[in-house]
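Thanks for asking me to look over this model with you.

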Amino acid sequence: MLNHTPTEIAERSALRINPAKTCQPIGAMYAALGIHRCLPYSHGSQGCCSYHRSHLTRHFKEPVMAATSAFTEGASVFGGQPNLLEGLKTVFTTYSPDVVAVHTTCLSETIGDDIPQIVGEAKRQEIIPEGKYVIHANTPSYVGSHVVGFANMCTSMATYFAKEVKSPRRRTTDKHQINIVPGFVDPSDMRELRRLAEATGLKVTMFPDTSGVVDTPQTGKHIFYPEGGTTVTELQNLGRGVATMALGWWASRDAAIEVEKKAYVPREILDLPIGIGATDRFLKILKFRGGEITKELERERGQLVDLIVDTQQHFHGKKVAIFGDPDHVLALTEFCRDLGMVPVHVLTGTPGKRFGEEANRILGAKAGNIKFEGDLFTMHQWIKNEPVDLLLGNTYGKHIARAQDIPFVRVGWPILDRVGHSLMPTVGYAGAIRLASRMLDALLDRRDRDAPEHQFELVL
Amino acid sequence: MKTPEAAPELPAKALAAVDVEAISALDLSRPDAGLAMPSGSPDPDGLVRDLVSFYPPRVQRKRSRHIKVNDPHEIPKIEANVRTAPGIITQRGCCYAGCKGVVLGPITDVLQIVHGPVGCSYYAWMTRRNQADVPDDAQNFLNYAFTTDMTENEIIFGGEKKLAQAIREAYEIFHPKAIAVFSTCPVGLIGDDVHAVAREMKAELGINIFGFSCEGYKGVSQSAGHHIANNGLFANVVGTEELPASMKTNPFRVNMLGEYNIGGDAFEIERILARCGIQLISTFSGNVQYSEIARSADANLNLIQCHRSINYMAEMMESKFGIPWLKVNFIGADSTAKSLRKIGRYFGDEDLIARIEVVIAQEMGELEPVRTDVRTRTNGRSVMMYVGGSRAHHYQALFSDIGMPTVSAGYEFAHRDDYEGSRVLDSITIDADSRNIEELTITPDPERFAPRKTEEELAALEAGGLKMHNYDGMMPEMAKGSIVVDDISHAELEHLIKVYKPAVVCSGIKDKYVIEKMGVPCKQLHNYDYGGPYAGFKGAINFYIEIDRMVNAEVWRLITPPWAAKKPA
């Protein structure tokens, strides 16, 4: 397994090996699924749409509907306007979405298609039915990563829908409404974030919200537009919120800034609430913005702390390697630190030097290898040079885990070979209990496997 | 590397008992009739009209040409391999997916660098489930993804320097035998010359390095990418090495074309061929190494499994080296047996023919009890399948084995000849999208061209019931009144499922959970998701058991909660 990965690390300036990221459009497609009755639309070659739908489908094990402009060589030379116009016409006639969310690809970006201009033409030709919307996000695949594409589509939701407020004094606020941008997380996580925020007595506008879209029940019927997703009305009323909480600097920050720009809603940029510290900060801000921390929430927190007290001996001093999307990795790094583990290798594929600064801040003197815009080849080489007790990351880590024979816990996106993530959260206190339990299972299964018979314990 | 082994001993008594004369008299050229449509099937003509009713008028007209009511005796003309209408929600992918993802991807020891933004490389990384049993001391890059991860800087200033550097770095770290470079959409648009970079780096590093201009927007589907992959592989690898004399002792030497070892299919085919005493030189391209492809010109027969993705290679190898090709189908027990008999007939060796019969009898002996048992629970239950460029045809044979009729089928990216048969080849019009894909002009190799069969021998084979260089296509083997749908859309698929209420639908991952939400099991036939092999005899057993599980699973009974269930009358 991965036999050709040498221990010795050679500098590379051009070759990416085993990427720890993918391209923007898939993030935009996922975000758009979180608008109620929205059909994501990929403006580019058929392959982009096909690959993105396939990969999202494999992660969620759910239908992922999206359309494509189906570029041919002609469209690539003469521009994709006829394709987008025809595509919109067919989509509105055949699939009746309320919203079509167009995202670009490297192809349509390179030839410079101007989406707002083409959508303007579609309006002029009366292709877009009354009361229906076409929004767009520019998502060039050669910039950033899938996380950036997700962020760009979230931002576009605010740009297109949030009602503009002329001055702060003209703002009408619903003092119970809190806006939450949940980040590139699973529907289970979005559900859990809403539950926590609503438990403080606030009314939540979450955008996007893929719960109820890619975690639907088996009923014997395929519902093309399931009941979930942020409604257009909710998006239009973003300006009424007391604040917009952006969960994750990479995935959510820009959308919160956009709501602030358009409607003077103050932004709160937070970490993704994975683990105890980040969840505490999430609830603190909810409290600051008018929520009430109930006994029930304190009980949940207490149960998590209790679990850590009970199990810290198993985590203490264990070396862990963490990779994935930057918001996830930073939150996981803090949680592992709080569990008493040592995150010796921390890596994201997404660009952004803030990642290094934050990881260093979290780990302080214990900081080891930290890299943004890295890849899994580097991660594997790091582990060969300094072995770890546990690997945390998405499914693509399984080959490293096998090659180095290390316990592996799947967390983040994508998870292509296990289920549960869509239905059971990783965020919040309950999510942290689940995550810590899974990590503990992995560590103790290994201990049990490797223990000599006379030390094979019934009680641990 | 597949080292030739002596064929395993078979019982002399059984061998002697084979009636070679009778076997040699069988007509192997007739298409097998598909199982008839179940009684009470809906009126197909009305259904075809309904299927296009949800579209704008222009798309209605276009889609009507892709949807036909089949008649195996008077095959209707179907439109295929033309542009997909934007917005219909197609299954199709791109040229790059066909070139790198399908044809080149499975080769184990060619280091494959995708020149472009990161996504294209990422999505083609291990998702096709191409398996390979590579010895520990040989190179195997199947679990690696290599890309230039193009950024804005290269889009503006060009990516050739970065590509050259990436090739250098790959060579320094891995020392591969060969490197292939794949172009993605922006590469063609910004004018990077991957072939020039490949030539320069080949001179610099001294290993074989070659490029593919398989930008995603070329052609109308994956199909263009297959053609480009065939051209590149043929021009740069095939026939560049010679098979050592020690490996040329068996005259029954074949290549297996269009078999990608998804879920281990190629392993099963390798096993069966070896039992029969047929030597496999190279597979294109499942479980294969670079030098096997390089030596493939020393085979005496090319077998085509997936006609759509690899027929170009077979034609070019025949023109240059004189190796005839034969369409086979190792999907389905009866069709595997028929394919083996075709090979025996081609070589015309009595011992080989006898061996093949004994192997078929032994394998069928193991398979029959399973087939008979499964059939009691599957017989007469209907199937729909929309997939690929050959599987929507091949898998019908496997379902026929267990009595399941195919009521509707279609390909994602095939051409008219894959539907209607080789006989329509001359009447296919090449449109602007396909004309852009290079057609290589091949002449006989001055040294290596050696016709394996004379014109007279080929004519005799044909007269005796073996059609060489021919593919009959899907429609002659489908029932009268079944519906054939090319490049199916989501709306059409959903409507057909509602009308036919099939026992199982075969499609790809994008459709799978749509179908299953409707309470109908879906067998994913692109990469099988988790299962396989389904080829050959052991594969057929796997498939029967799999379909039995799917169509009879307890879970379908659980969808309706007990309090909502209708009371029994």
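1. Let's begin with chain A, whose secondary structure comes to 17 helices and 14 strands. Please keep in mind throughout that this is a predicted model. The C-alpha atoms of chain A fill a box of roughly 80 × 55 × 45 Å along the principal axes. Its radius of gyration is 23 Å, which agrees with the value near 23 Å for a compact globule of 460 residues. Of those 460 residues, 60% count as buried. Among contacts in chain A with a separation of 6 or more, 73% come from residues 24 or more positions apart.

2. How is chain A divided into domains? The domain assignment gives domain 1 (24–143), domain 2 (168–292) and domain 3 (296–453). The C-alpha centres of domain 1 and domain 3 of chain A lie 36 Å apart. The contact between these two takes 5 residues from domain 1 of chain A and 6 residues from domain 3 of chain A. On the domain 1 side, the residues divide into 1 nonpolar, 2 polar and 2 charged.

3. Strand S6 (residues 177–181) of chain A deserves a look in your viewer. Is this strand buried or exposed? 5 of the 5 residues of S6(A) are buried, so the strand is largely enclosed by the rest of the structure. A:Gln177, A:Asn179 and A:Val181 point one way from the strand, while A:Ile178 and A:Ile180 point the other way. S6(A) pairs with strand S7 (residues 203–206) of chain A in the parallel sense, over 4 bridges. In that pairing, A:Asn179 has A:Thr205 of S7(A) as its bridge partner.

4. Now for chain B, with 23 helices and 14 strands. Along its principal axes, the C-alpha trace of chain B spans about 80 × 65 × 45 Å. The radius of gyration of chain B is 24 Å, and this agrees with the value near 25 Å that a compact globule of 569 residues would have. Buried residues make up 56% of the 569 residues in this chain. Of the contacts in chain B between residues at least 6 apart in sequence, 78% join residues at least 24 apart.

5. The domain assignment of chain B is worth a careful read: domain 1 is given as 31–79 + 378–424 + 462–561, and domain 2 as 95–236. Taken over C-alpha atoms, 33 Å separate the centres of these two domains of chain B. Their contact takes 6 residues from domain 1 of chain B and 6 residues from domain 2 of chain B. By class, the domain 1 side of that contact has 2 nonpolar, 3 polar and 1 charged residues.

6. Next, the nonpolar cores. In the largest one, with 304 residues, A:Ala101, A:Phe150, A:Leu390, B:Cys99 and B:Met385 touch the most other members. Helix H7 (residues 146–161) of chain A gives the most to this core, with 9 residues. A second, separate core of 10 residues includes A:Cys106, B:Met150, B:Cys185 and B:Tyr217. Going back to B:Met385, its contacts beyond four places in sequence include B:Ala392, B:Tyr395, B:Val505 and B:Leu525.

7. Why does B:Tyr312 count as buried? B:Tyr312 has 22 other C-beta atoms within 10 Å, and a residue is buried if that number is 20 or more. Leaving out residues up to four places away in sequence, B:Tyr312 touches B:His227, B:Asn230 and B:Asn231. B:Tyr312 and B:Phe234 are 78 residues apart in sequence and 9.4 Å apart in space, C-alpha to C-alpha.

Methods. Residues are numbered from 1 along each chain as its sequence is written. Chains are lettered from A and ligands numbered from 1 in the order in which they are written. This is a predicted model: local features need pLDDT of at least 70, side-chain atom pairs count only at pLDDT 80 or more; totals for chains, interfaces and linings use all residues. Domain bounds come from an automatic or database domain assignment. Two residues are in contact if their C-beta atoms, placed from the backbone, lie within 7 Å. Ala, Val, Leu, Ile, Met, Phe, Trp, Tyr, Cys and Pro count as nonpolar, Asp, Glu, Lys and Arg as charged, and the others, Gly among them, as polar. Helices (H or I, at least four residues) and strands (E, at least two) are DSSP runs, numbered from the N terminus. The radius of gyration is taken over C-alpha atoms; the globule rule is 2.2 Å times the number of residues to the power 0.38. A residue is buried if 20 or more other C-beta atoms lie within 10 Å of its own, exposed if 12 or fewer, and partly exposed in between; C-beta atoms are placed from the backbone. A nonpolar core is a set of buried Ala, Val, Leu, Ile, Met, Phe, Trp, Tyr and Cys residues joined through C-beta atoms within 7 Å. Two strands pair if DSSP finds at least two bridges between them.
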